[in-house]
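Here is a short report on one protein model. Look over the sequence and the structure first, then read on.

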Amino acid sequence: MAKVEILTGAERQRRWSTELKLSILQEAFSADGTVSDVARRHDVLPQQIYAWRKKLLPAESPQTFIPVSLIGASESVGDGSKRSSARSRCKDVEIVLRNGRLLRIAADMDLEVLSSLVACVEAA
């Protein structure tokens, strides 16, 4: 049988203390917890738990390590023409992003520029 809660008076929203929100977040994102089970147990929507996480917990760093594998280096560009000698000294790197897009960049690209580029391409 479902629980029914009748709210009377001017205030129609439940108030959750920050401590209670943090304990629910810890429970929901622990190794053996699931957000939907914890939400059901505390009578909140799963979306509310995700909103609390976004608001209360520090944002994860947008710069994360991703697996990279080197595939054989080719000396020709897609149209078959040879690269210039200056360009051939610096190998290109191909990065497959989580969204499936492929970035082909120079191996000596500045890391700050690369992280901005990855963030832009992943967001698009």
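## A buried loop residue

Leu97 sits in the loop between strand S1 (92-96) and strand S2 (102-106). Helices (H or I, at least four residues) and strands (E, at least two) are DSSP runs, numbered from the N terminus. Leu97 counts as buried because its relative accessibility is 5%. Buried means under 20% relative accessible area, exposed over 50%, and partly exposed in between (1.4 Å probe, protein chains only).

Leaving aside neighbours within four places in sequence, Leu97 is in contact with Leu103, Val118, Val121 and Glu122. Contact means heavy atoms within 4.5 Å. Leu97 and Val118 are 21 residues apart in sequence, and their C-alpha atoms are 7.9 Å apart.

## Model and overall layout

This is a predicted model: local features need pLDDT of at least 70, side-chain atom pairs count only at pLDDT 80 or more, and totals for chains, interfaces and linings use all residues. Residues are numbered from 1 along each chain as its sequence is written, and side-chain values use heavy atoms, with hydrogens and water left out.

The protein has five helices and two strands. Along the sequence the pattern is α-α-α-α-β-β-α. Of the 124 residues, 17% are buried. The accessible surface (Shrake-Rupley method, 1.4 Å probe; for residues, only the protein chains shown count as cover) comes to about 10,300 Å². Carbon and sulfur atoms account for 56% of that surface. Among contacts with a separation of 6 or more, 28% join residues 24 or more positions apart.

In soluble globular proteins, nonpolar side chains tend to be buried together. A nonpolar core is a set of buried Ala, Val, Leu, Ile, Met, Phe, Trp, Tyr and Cys residues joined through side-chain atoms within 4.5 Å. The largest one here has nine residues: Ile24, Leu25, Ala28, Val35, Val38, Ala39, Val44, Ile49 and Trp52. A second, separate core has eight residues, including Ile95, Ile105, Val118 and Val121.

Ile24 touches Trp16, Val38, His42, Ile49 and Trp52, not counting residues up to four places away in sequence.

## Helix H1 and Lys21

The buried residues of H1 are Lys21, Ile24, Leu25 and Ala28. Seen down the helix axis, they fall within an arc of 100 degrees, so they line one face of H1. The arc is that of the directions from the axis to the C-beta atoms. H2 and H3 are among the elements that cover these residues. The face turned away carries the exposed residues Glu19 and Gln26.

Beyond four places in sequence, Lys21 is in contact with Trp16, Trp52 and Leu56.

## Salt bridges

A salt bridge is a side-chain nitrogen of Lys or Arg within 4 Å of a carboxyl oxygen of Asp or Glu. By this rule there are three. Glu27 and Arg41 meet at 2.8 Å, N to O. This pair links distant parts of the chain, H1 and H2, 14 residues apart. Glu27 is partly exposed at 27% relative accessibility, and Arg41 is exposed at 54%.

Glu94 pairs with Arg104 at 2.6 Å, N to O. That bridge links S1 and S2, 10 residues apart. Asp37 and Arg40 pair at 3.0 Å, both in H2 and about one turn of the helix apart.
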